[in-house]
Amino acid sequence: MSRWWGRGPYFVTTSRGARILCIGGFKFRRHRDAGPKTRWYCSTHHGRGCSAALFTIDDRIIKCNNVHTHARI
């Protein structure tokens, strides 16, 4: 049985033009860039203490902490 969160990582664009990275049923928002390296954090619960984050270089995930303090959205 396939679920929508069973897909690999993918990007979506919000109505305001921001990129969101979706992985495992969770959404990540771009936090900061340092050259080609980008830090992403949990877009739904970061302000509530969720420390899930990941790093990409040129849109390829190089480090991922996908442990969240909440259920999938």
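Biologist: What is the secondary-structure content of residues 11-70, and how far apart are the end C-alpha atoms?
Modeller: The span is 0% helix and 57% strand, and its end C-alpha atoms lie 21 Å apart. Helices (H or I, at least four residues) and strands (E, at least two) are DSSP runs, numbered from the N terminus. This is a predicted model, in which local features need pLDDT of at least 70, side-chain atom pairs count only at pLDDT 80 or more, and totals for chains, interfaces and linings use all residues. Residues are numbered from 1 along each chain as its sequence is written, and side-chain values use heavy atoms, with hydrogens and water left out.

Biologist: Why is the contact of Asp59 and Arg19 called a salt bridge?
Modeller: The term requires a side-chain nitrogen of Lys or Arg within 4 Å of a carboxyl oxygen of Asp or Glu. The Asp59 and Arg19 side chains meet at 3.3 Å, N to O, so the pair qualifies. Asp59 is in the loop between strand E5 (53-57) and strand E6 (60-65), and Arg19 is in strand E2 (residues 19-23), 40 residues apart.

Biologist: What makes Asp59 partly exposed?
Modeller: Buried means under 20% relative accessible area, exposed over 50%, and partly exposed in between (1.4 Å probe, protein chains only). Asp59 has 42%, so it is partly exposed. Arg19, at 36%, is partly exposed too.

Biologist: How many salt bridges does a search of the whole structure find?
Modeller: Two. Arg30 and Asp33 also form one, at 2.9 Å, N to O. Arg30 is partly exposed at 46%, as is Asp33 at 43%.
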